[in-house]
Amino acid sequence: MLHDEAFPALFHKLNVPPSSVAMSKLMYPPLETKSSVNGRDKKTEKDKAHNLLTVKWAHAINCQQLLDEALNGDYDMIEADIVLGKLFNNGPVMPIMAHPPLTSSDLSLDSFLLQIKLFNLNNPIKMKGIKLDFKSIDVFEGALDTLKTAIPEMTYPVWLNADIIKHTGNGIHAQPVDPKRFLAGCMQFNKAVLSIGWTTSDGPNEDFYTPDDIAAMLTVIKENKINESGLSITFPVRAGLAANSKNVLHNLIREVEVTNRCTITIWSAPSDYVDDGKIKKIDFILWPE
């Protein structure tokens with residue numbers, strides 16, 4: 001069974017079913033941010049951004065059956081998780097499509113990318129973009145040779161995602177992916193959208209992104225010269241936290257858009273409580289009235 005991300009959008013609209021909400025072709029070709037859009041052009045770009053809400057995601061496509069369903073389904077973006085593991089629990093360790101704690105799959109990263117490529121070559125009108133969510137620095141670096149071959153040939157959106165900063169809130173957090181090594185690897189792929197976020201955990205509805213969270217992200221961007229790279233960036237933020245974090249997210253976008261095209265991707269876990277009213281107000285970050 002396929003699952004759509006609950007809030008994978010620039011902004012969430014209450015009158016749009018979660019299964020149809022998405023943000024995929026963001027910045028591919030680049031979507032201009034408010035700093036580079038004026039007058040009537042600004043209205044045009046705002047309309048484009050709202051149209052992205054009709055783009056559909058297939059989420060956690062980590063096995064062959066789900067990939068078959070996603071390729072044959074009405075989806076525009078396919079998201080999958082990558083870990084180090086074995087095919088069918090046998091043979092050498094390699095990058096495979098699975099979510100921790102699993103370390104076995106029937107689908108390798110090489111096969112996943114090849115099948116996407118062949119599908120898009122044969123179905124140019126139904127082309128699918130991809131978001132690759134790397135769960136450790138070891139699997140990302142282990143995939144670099146594959147990515148160096150695959151990404152230059154891509155004529156469709158590709159996002160490289162990792163949680164590189166530990167959220168300062170309470171709870172048990174996954175280990176962040178090493179930011180210096182991840183960003184150094186991503187700098188090789190100017191065609192990709194850089195998707196960088198914070199580790200989070202299930203927690204109280206009152207949790208929020210803190211100024212320290214934002215400062216830590218800005219620091220790694222500058223220390224690793226992402227602000228000089230020209231890469232497009234999206235910041236994946238958890239909907240429940242984002243709903244309580246309007247001002248700091250505004251500050252983040254305002255700071256980064258000076259040097260990079262950027263936006264946010266809002267997501268939620270199935271068990272999360274999300275205040276729809278607050279999430280609806282997040283659209284001001286890119287498009288203030």
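Mentor: A nonpolar core is a set of buried Ala, Val, Leu, Ile, Met, Phe, Trp, Tyr and Cys residues joined through side-chain atoms within 4.5 Å. Please keep in mind that the model before us is predicted.

Trainee: Which residues of the largest nonpolar core touch the most other members?

Mentor: In soluble globular proteins, nonpolar side chains tend to be buried together. Here the largest nonpolar core holds 70 residues, and those that touch the most other members are Phe112, Leu147, Leu160, Phe182 and Phe235. Helix α4 gives the most to this core, with seven residues.

Trainee: What is Phe182 in contact with, leaving aside its neighbours within four places in sequence?

Mentor: Its partners include Phe134, Ile137 and Phe140, as well as Leu160, Val177, Leu194 and Ile196. Asn161, Ala162 and Ile164 complete the list.

Trainee: How many helices and strands does the chain have, and what share of its residues is buried?

Mentor: There are nine helices and nine strands. Of the 289 residues in the chain, 51% are buried. The accessible surface comes to about 13,300 Å², and carbon and sulfur atoms account for 53% of that area. As for contacts between residues at least 6 apart in sequence, 70% join residues at least 24 apart.

Trainee: Is Leu132 buried or exposed?

Mentor: The cut-off for a buried residue is under 20% relative accessible area. Leu132 counts as buried because its relative accessibility is 0%. Beyond its neighbours within four places in sequence, Leu132 is in contact with Ala80, Ile82, Leu109, Phe112, Leu113, Leu147, Trp159, Leu160 and Asn161.

Trainee: What span should helix α3 have?

Mentor: Helix α3 comprises 14 residues, 109-122, so at 1.5 Å a residue it should span 20 Å. Its end C-alpha atoms are 20 Å apart, which agrees.

Trainee: Let us turn to the backbone. Where does a cis peptide bond occur?

Mentor: Such a bond joins Pro100 and Pro101, with omega of about 10°. Pro101 is found in the loop between β3 and β4 (104-105).

Trainee: Which residue in the loop between β2 and β3 deserves a look?

Mentor: Phe88 is found there. Its phi is near 55°, a positive value in a residue other than glycine. Phe88 is exposed, with a relative accessible area of 57%.

Trainee: What is phi for Lys225?

Mentor: Phi of Lys225 is near 60°, again a positive value in a residue other than glycine. Lys225 lies in the loop between α6 (211-223) and β8 (232-238). At 46% relative accessibility, Lys225 counts as partly exposed.

Key:
Residues numbered from 1 in each chain as written. Predicted model: local features only at pLDDT ≥ 70, side-chain atom pairs only at ≥ 80, totals over all residues. Heavy atoms only, no water. Buried < 20%, exposed > 50% of the residue type's maximum accessible area, 1.4 Å probe, protein only. Contact = heavy atoms within 4.5 Å. Helix = DSSP H or I, 4+ residues; strand = E, 2+ residues; numbered from the N terminus. Areas by Shrake-Rupley, 256 points an atom, 1.4 Å probe, with all protein chains shown as cover. Expected span 1.5 Å × (residues − 1).
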